[in-house]
Amino acid sequence: MQIYLPIAEMSVNVFLLLGLGGAIGFLSGVFGVGGGFLMTPLLIFIGIPPPIAVATQANNVIASSVSGSFSQWSRGNVDFKMGLILLGGGFAGSTIGVAIFSLLQTLGQIDLVINLSYVVLLGTVGVLMLIEGTRALLRRRRKIKPGKLHTHTWLHGLPLKTRFRRSRLYVSALLPFVIGFAVGILSAIMGVGGAFVLVPLMIYLLGMPTAIVVGTSLFQIIFVSVNVTFLQAIQNQTVDIVLALLLTIGGVVGAQFGGRFGARLPGDTLRLMLGILILGVAVRLSLELVVPPDDRYSLGIPS
Amino acid sequence: MSRSLRALLLCLLVLGGTGLPARSAGLIADLSNHLVAITSGFAGVDVLLFGAIDEPGDLVVVVRGPERTQPVMRKSNVAGIWMNTARMTFERVPSFYFVASNRPLSEIASEPVLRANQFGVENLGIALPSARAGGRAATEWREALIRNKQRQGLYVRETASVALLGQRLFRTSVHLPSNVPPGLYRAETYVLQDGQVVAAQTTPLSISKLGVEADLYAYAHEQPAAYGAIAVLAALVAGWLAHLLFRRS
């Protein structure tokens, strides 16, 4: 059954979209990430124009992070003070990100930048996760004691030090603001929530407890993706509601099954598998950049 | 809704204005469908063009979509990465082009006649201003534009066939793919004798989004802030519903 997407101006099989939403939802349930980094490349792969894939995926991220954050909230796993500072940075970053997006679109370089950001980011995060995951596995085997819990670096010497009770931290407020800002830019350009960057940064750079990290990142991702969706709709008219709703329906169902499946796997195995998956996507996308294209010429958006 | 109604009225007006199956010098032609509606289930459609001629002759049918300004980009390898490095903008490019004839175009008329009437993709009147590109480069850009349009299914790859019945009746089928750009199209029917056009007729064809699709598109472009707010709200509600639905299980 075909359905016509009003903004993308093309028709796609309904079951393909539901299935895509379901499969990515399942993976995001297993690994506890939004899955935007998989969904946006897949949408582009099935022929959705990249600007529409990115903006619509931001809309889809809202739904998945709302449903995920309710349970985190009820367990008290949200550090609101930290979340709000991240959010301040995230709002500023994503607003600038959408403006950059519009500019690149008029320059005709948006596809390249989307692709490059994916390769660089997924490549880095994937390699780091693989290293970390392998180390954790080895550690478990050899029963080596973990190193110092908390080390002091120059980051702790920054001004505006603030106490975050929920996270049991005393760090500079600039740190979460800058992290939020950087991830905000990424989420606007890449159409992702950014959890796969935000979560490692919150754990390793800020030193937040893992339990609090997931809830807090979901909390801030909701608001940043609301901002991105709204701005993309206003500036670029690239949000396809029909596409977003179909992906969301598939996604929420898939995420439930994925969540149950993931609960049975040990944490470090999960991280290792996620690392491999992320790296796989990065390799696939980098091929598109380096392999000579079939046709060097392509059409821009007509007016 | 008022928008789609307006589109329909406009279409009727146009049809009324040019006269439905207008006659000209022994030629009469019409379309099976003057209004193609793009609705939620739209997956492309075939429109039949049929008619009759008084005297034996050759037939050429051309269908053109509304003209647009079309940028074309060229990639080249920069430090190992393929990126768009050059860009040319073509003016007045038909968004859709279809051509059909009863026998190969080269047998029907001479090169100058084909070019003057823009019969065949290679004779389309799209050219870069000579100030921007000339000679070899200009041809390359032009060919690239046509090749990409053909890949999108919006330009015919080769001339389709017009079936002639008893030298008098003719018909041909025009395929409009699912990505066909909406707008006012022109279906032109030409009769040729001894390599010269002796009769021609133009029939309008309106392709427009109708119903929810049209409303959503119009809303997204006319009221972007409200559209964005609705998109956000719908996602928030969907997420909340999903949470309620699966909380107990």
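**Exercise 1.** Work out how β5(A) is joined to strand β6 (residues 67-78) of chain B.

*Solution.* Start with the pairing: β5(A) and β6(B) run antiparallel and are joined by 3 bridges. Strands are DSSP runs (E, at least two residues; helices are H or I, at least four), numbered from the N terminus, and two strands pair if DSSP finds at least two bridges between them. Next, pick a residue pair: A:L299 stands opposite B:V72.

A word on the source: this is a predicted model, where local features need pLDDT of at least 70, side-chain atom pairs count only at pLDDT 80 or more, and totals for chains, interfaces and linings use all residues. Residues are numbered from 1 along each chain as its sequence is written, while chains are lettered from A and ligands numbered from 1 in the order in which they are written.

**Exercise 2.** Find which element gives the most to the side of chain A that touches chain B.

*Solution.* First take the whole contact (C-beta atoms, placed from the backbone, within 7 Å): 43 residues come from chain A and 48 from chain B. Elements giving two or more residues on the chain A side include α3 (50-74) and β5 (297-299). Of these, α3(A) gives the most, with 7 residues.

Key
Two residues are in contact if their C-beta atoms, placed from the backbone, lie within 7 Å.
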